[in-house]
Amino acid sequence: MISSIGIILTWFGFLNLILMCFSNKKNLFQTLVRINLFIHFLLFCLLEVGLFLDDFSLYYIANHSASSTPPMYKFASLWGSLDGSILLWNLVLSIYFYVYVKFYRATTELYDIKIFAMIILFFNGFTIFSSSPFSGCIQLASIGCQDFTLLPFQDLVLSEFGRGPNPLLQNHPLMAIHPPILYFGYIGLVLPFVIATSELFNRYKNENWIKIAEKATYFPWVFLTAGISLGAAWSYEVLGWGGYWAWDPVENVSFIPWLLATAFLHSSKTQIKEKTLINWNYVLACLMFLSVIFGTFITRSGVLISVHAFSNGNIGTYLLIGLLIFTFLFMYIGIKNIEYFKTSRKVENIFGRSGFFVANNIILSASALIVLIGTIYPIFYESFFSRQLTVGRSFYDILVGPLLLILLYLMVFSTKIAKVNMNLKKWIIENQNELNISLIISIFLTIYYRASYKFVLTIFGSVLLIIIIGKNVISKYKKTKLQGSYWTGQISHLGIGIFAIGLVLNVTQSFSNELIISTGDTVNFGEKEFIILSPYEEIKEEKNVINLPIKFNDKEKNASLNIFKNSSQQAISSPAVFRNIQSDTYITIKVIDDDKFKLIFRENYGIFILWLGLAISSSSFLTRVRK
Amino acid sequence: MNKYISIILLLTLLLLPLVIYEDNNSRYEKLSKSLLCPVCQGETLFDSPSEYADDMRSVLKEQIDNGMSDKQIMDYWTARFGERINTNPQNSNYFLILFPIIFGLVFGVLFYKKVSND
């Protein structure tokens with residue numbers, strides 16, 4: 001039943017979008033956009049209903065949910081695997097379509113509507129022709145379902161149990177939050193693409209496109225920042241991976257659009273004020289979205305190995321075709337507007353205000369390029385040499401690290417140069433006190449942590465940045481209440497300064513030790529003393545949890561090992577984390593051998609500071625909320 | 001006067017790490033972070049909770065205790081699992097590091113030339 005309704009409704013959505021692509025009636029599209037949003041919302045709800053009713057006649061539900069799955073994770077199972085996540089993808093696209101028409105639309109022509117409809121049509125088409133979350137089950141597997149049909153009103157078979165979601169995905173409520181927020185960021189980058197291409201298709205009758213594109217990029221940027229941060233928090237606090245960022249391919253492809261979007265938010269300012277970098281802005285506006293499709297392609301087509309990757313036979317080819325179509329559109333419109341791009345002015349004073357934006361853009365896009373190379377190099381290497389290769393953390397540390405350090409100093413110097421042109425000498429004289437204070441703080445910290453150059457250079461830059469922006473914020477708070485895009489920049493930069501301190505502390509100071517213990521032991525790690533209490537087992541419907549309570553001072557926390565039923569996957573270790581401002585003691589169970597436990601103790605520095613910085617940076621959107 | 005204080009402070013800061021820097025990462029930590037767990041999906045030995053990785057860690061510890069050099073240890077593992085186990089391929093594959101640098105530089109220079117007056 002749900003299967004048939006879903007498939008038919010998907011077709012309605014498809015036809016509605018086709019109508020939008022071909023209709024030239026200017027008073028019709030608003031209704032169609034609403035209908036589109038309504039249909040995608042209904043589809044979303046329908047699959048949720050299916051999940052909650054345990055309708056295992058649906059291929060997707062039989063394979064990715066189970067009756068024993070707790071409600072919250074049933075809800076989140078919708079985006080737990082490929083087919084369902086495309087449903088969420090389409091819903092978010094439709095929401096953005098509606099938002100675009102309501103808030104950002106500035107033309108009376110229909111090019112934008114058609115381009116937008118075409119993009120949604122493309123993703124909708126996948127659920128129609130290749131694999132839909134509503135496809136019905138026609139052949140059972142031992143658990144779950146083996147084969148499906150894309151047609152409505154078929155005789156469906158009902159499996160008795162569902163296979164259940166991937167154990168990693170039913171471990172923490174963040175599963176319900178992180179993917180949608182990330183999607184809102186990731187997919188929101190469709191807005192600048194649509195705005196740039198349609199406005200220029202229109203032969204720039206509306207020169208304002210860059211202003212609208214800049215505004216429309218900002219909120220997706222906030223979502224992307226928050227989404228990536230939440231993912232990092234999830235991986236660190238819950239999954240027991242020990243780290244918050246592993247330069248995993250899927251993490252990288254969310255980072256590339258972030259870097260490009262950050263570059264665009266800066267470079268668009270120079271076009272708005274000085275009519276420079278017009279061609280580059282067009283490229284960036286489109287590249288953000290293209291990098292999203294490309295990223296989805298390489299992580300969902302199965303060409304890469306990653307903890308995050310899930311794929312299904314033909315989505316790779318499908319996305320590749322989409323990538324080609326959208327790239328063609330981008331190039332065609334670009335070539336069509338060569339004359340317009342020639343009106344772009346040269347940057348007047350490369351060592352002044354605009355210079356910062358140019359340098360910022362070079363560094364951010366070079367970083368995006370490096371991350372891209374690191375992510376896809378193994379694929380090329382394998383196809384040319386038939387040998388596998390792993391590009392790990394140190395590759396990015398060596399190449400991206402120094403670039404981000406330069407960026408930190410650019411932020412420091414640019415802080416007071418929003419209005420006047422830069423003169424290094426004058427800058428130093430004006431900020432003598434701030435410089436001296438940060439030098440003293442840095443010296444103190446360097447001695448305290450017995451630190452390396454990596455630490456010294458980062459900490460000096462960050463402390464200086466924080467002091468300068470902090471002073472700026474305090475002195476102007478009463479006058480401006482920190483409203484407006486200038487403050488958006490200041491608050492984001494402040495967050496990044498704090499983040500950089502946490503990051504460098506974490507990278508340079510953390511240490512770890514592996515210990516074999518039995519219950520009742522007292523463990524000394526670093527200068528801290530931990531008492532291991534006796535373990536107990538919790539038996540839940542979908543998993544067994546072995547909890548090992550650990551006592552530190554007066555606090556008691558569990559390090560646990562989750563063993564999932566109905567799953568061939570290995571057990572998942574959840575850490576016990578004892579946090580203070582400076583560092584976390586992070587304890588995970590690695591292996592249990594009778595009454596012996598093998599525990600990994602890590603002293604992870606700077607985590608609190610790092611989260612704080614990311615939170616401040618993400619909350620910069622408050623400066624754009626009108627009161 | 002203020003100027004001289006700044007210069008002295010800056011010099012102190014820049015010279016400090018030479019004197020006091022202490023590396024608190026053990027060889028075990030470094031090596032287990034540069035080896036990939038072959039049965040996991042993109043995790044290093046250091047991070048992986050799998051039992052297989054645990055066995056590998058024990059072997060690695062023995063190797064370190066026996067005084068094998070970093071190179072000997074890496075050779076041992078690459079011989080058994082192929083070069084994909086090494087997560088620092090740039091240490092032997094210089095192309096991997098040069099290529100992005102050249103690419104980035106060319107991009108930067110072109111960009112700069114295109115937007116500036118000269």
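Predicted model: local features only at pLDDT ≥ 70, side-chain atom pairs only at ≥ 80, totals over all residues.

Me: How many residue pairs are in polar contact across the interface of chain B and chain A?

Reply: Residues are numbered from 1 along each chain as its sequence is written, chains are lettered from A and ligands numbered from 1 in the order in which they are written, and side-chain values use heavy atoms, with hydrogens and water left out. A polar contact is a pair of N or O atoms within 3.5 Å; within protein, one must be able to donate a hydrogen and the other to accept it, and residues adjacent in sequence count only if both atoms are side-chain atoms. With both residues at pLDDT 80 or more, the rule finds, across chain B and chain A, 16 residue pairs.

Me: Which element gives the largest share of the side of chain B that touches chain A?

Reply: Helices here are DSSP runs (H or I, at least four residues), numbered from the N terminus. Those of chain B that give two or more residues to this side are α1 (2-20), α2 (27-34), α3 (51-65) and α5 (94-115). The largest share, 15 residues, comes from α5(B).

Me: How many salt bridges does the rule find across the interface of chain B and chain A?

Reply: The rule asks for a side-chain nitrogen of Lys or Arg within 4 Å of a carboxyl oxygen of Asp or Glu. The side chains of A:Glu514 and B:Lys61 meet in such a bridge, at 2.6 Å, N to O. Across the interface of chain B and chain A, the count is four.

Me: What area do chain B and chain A bury between them?

Reply: Buried area is the accessible area (1.4 Å probe) that two parts lose on being put together, summed over both. Carbon and sulfur atoms carry 61% of it here. B:Leu13, B:Glu83 and B:Phe111 supply 11% of the area that chain B buries against chain A, more than any other three residues. The area buried between the two chains is about 5200 Å².

Me: Which three residues supply 30% of the area that domain 2 of chain A buries against domain 3 of chain A?

Reply: Now we are inside chain A, where an automatic or database domain assignment gives domain 2 as 171-402 and domain 3 as 403-509 + 609-620. About 2100 Å² is buried between these two domains, 66% of it from carbon and sulfur atoms. More than any other three residues of domain 2, that 30% comes from A:Tyr244, A:Phe356 and A:Ile363.
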